[in-house]
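Student: I am new to this structure and would like to learn how to read a few of its features. Can we take them one at a time?

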Amino acid sequence: MAATGRKTVVGLGGTFRQASSSERIVRAVLAACERLGAESVMFDGPALARLPHYNPEDPARTPEQQALVEAIRHADAIVIGSPGYHGGYSGLVKNAVDLLEDLRADTRAYFDGRPVGIVVTAAGWQGCGTTLSALRDVVHAMRGWPTPVGVTVNSVEQRPFDETGALADPRIAAAVEAQAAQIMQFAA
Ligand SMILES: Cc1cc2nc3c(=O)[nH]c(=O)nc-3n(C[C@H](O)[C@H](O)[C@H](O)COP(=O)(O)O)c2cc1C
């Protein structure tokens with residue numbers, strides 16, 4: 001919990017693409033959590049791209065790596081967002097998740113005891129489903145609690161945002177709100 005007494009929700013995800021849909025949906029979940037009283041920190045695609053490849057034999061850490069590890073260490077909740085890439089989650093997100101091996105020896109190891117919201121955007125429903133399922137397995141492996149509501153967006157069939165950048169699809173907006181509510185309920 002932050003010094004302010006508010007819950008801290010850490011988002012990570014997105015791609016190199018400008019206006020990455022997975023990044024924007026994670027940000028929408030964080031914004032919904034903020035409306036429910038949280039504060040948030042986001043590690044977006046460009047931030048994840050600055051992380052060196054995780055090397056289990058090299059204990060040196062860049063300031064960017066330290067920042068991500070410390071943020072997750074102190075988070076009350078996490079939101080992970082990825083595009084579906086070849087039926088699974090992206091290498092960019094995977095590299096960030098692998099770095100969290102640094103939390104293995106913590107009393108609260110990895111995501112232990114914390115809710116984890118999962119966001120997936122993909123060009124088809126099959127990719128949405130397989131990637132959501134894969135990320136849920138990852139969160140389980142890392143002792144986290146995936147929220148029952150996962151947010152999946154089919155980037156071919158759905159138009160989540162309007163031209164102003166606002167979340168425009170009511171079904172996606174409802175899923176975002178529902179996931180944020182579950183995150184905040186569990187974090188409490
Ligand atoms: C390398 C690559 C692999 C992809 N593989 C899949 C896939 O297996 N299934 C799918 O539905 N979409 C696939 N896509 C489409 C992306 O998941 C989709 O465009 C997504 O919305 C991109 O997310 P972003 O807007 O955050 O960059 C792939 C895209 C790329 C670039």
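Student: Is the crossing in which α1 passes α6 left-handed or right-handed?

Tutor: Keep in mind that this is a predicted model. In it, α1 passes α6 in a right-handed crossing.

Student: How is the packing of two helices described?

Tutor: Two numbers are used for packed helices: the angle between their axes and the distance between those axes. Here α1 and helix α6 (residues 170-187) pack at about 55°, and their axes are 8 Å apart. The two helices are therefore oblique to each other.

Student: Which residues of α1 and α6 meet?

Tutor: From α1, Ile 25, Ala 28, Val 29, Ala 32, Cys 33 and Arg 35 take part. They meet Ile 172, Val 176, Glu 177, Gln 179, Ala 180, Ile 183 and Met 184 of α6. By type, the residues of this contact divide into 10 nonpolar, one polar and two charged.

Student: Is Ser 22 buried or exposed?

Tutor: Buried means under 20% relative accessible area. Ser 22, which lies in helix α1 (residues 21-35), has 1% relative accessibility and so counts as buried. Leaving aside residues up to four places away in sequence, Ser 22 touches several others, including Gly 14, Gly 81, Pro 83 and Thr 121. The Ser 22 side chain also makes a polar contact with the side chain of Ser 20, at 3.3 Å.

Student: Why does Gln 65 count as buried?

Tutor: The cut-off is under 20%, and Gln 65 counts as buried because its relative accessibility is 4%. Gln 65 is part of helix α3 (residues 63-74). Beyond residues up to four places away in sequence, Gln 65 touches Leu 51, Pro 52, Ala 60 and Leu 99.

Conventions
Residues are numbered from 1 along each chain as its sequence is written. This is a predicted model: local features need pLDDT of at least 70, side-chain atom pairs count only at pLDDT 80 or more; totals for chains, interfaces and linings use all residues. Side-chain values use heavy atoms; hydrogens and water are left out. Helices (H or I, at least four residues) and strands (E, at least two) are DSSP runs, numbered from the N terminus. Buried means under 20% relative accessible area, exposed over 50%, partly exposed in between (1.4 Å probe, protein chains only). Contact means heavy atoms within 4.5 Å. A polar contact is a pair of N or O atoms within 3.5 Å; within protein, one must be able to donate a hydrogen and the other to accept it, and residues adjacent in sequence count only if both atoms are side-chain atoms. Axes are lines fitted to C-alpha atoms, for helices over the stretch in contact, and angles run from 0 to 180 degrees between N-to-C directions. Angles under 35 degrees count as roughly parallel, over 145 as roughly antiparallel, 65 to 115 as roughly perpendicular and the rest as oblique. A crossing is left-handed if the near helix is turned anticlockwise from the far one by less than a right angle, and right-handed if clockwise. Ala, Val, Leu, Ile, Met, Phe, Trp, Tyr, Cys and Pro count as nonpolar, Asp, Glu, Lys and Arg as charged, and the others, Gly among them, as polar.
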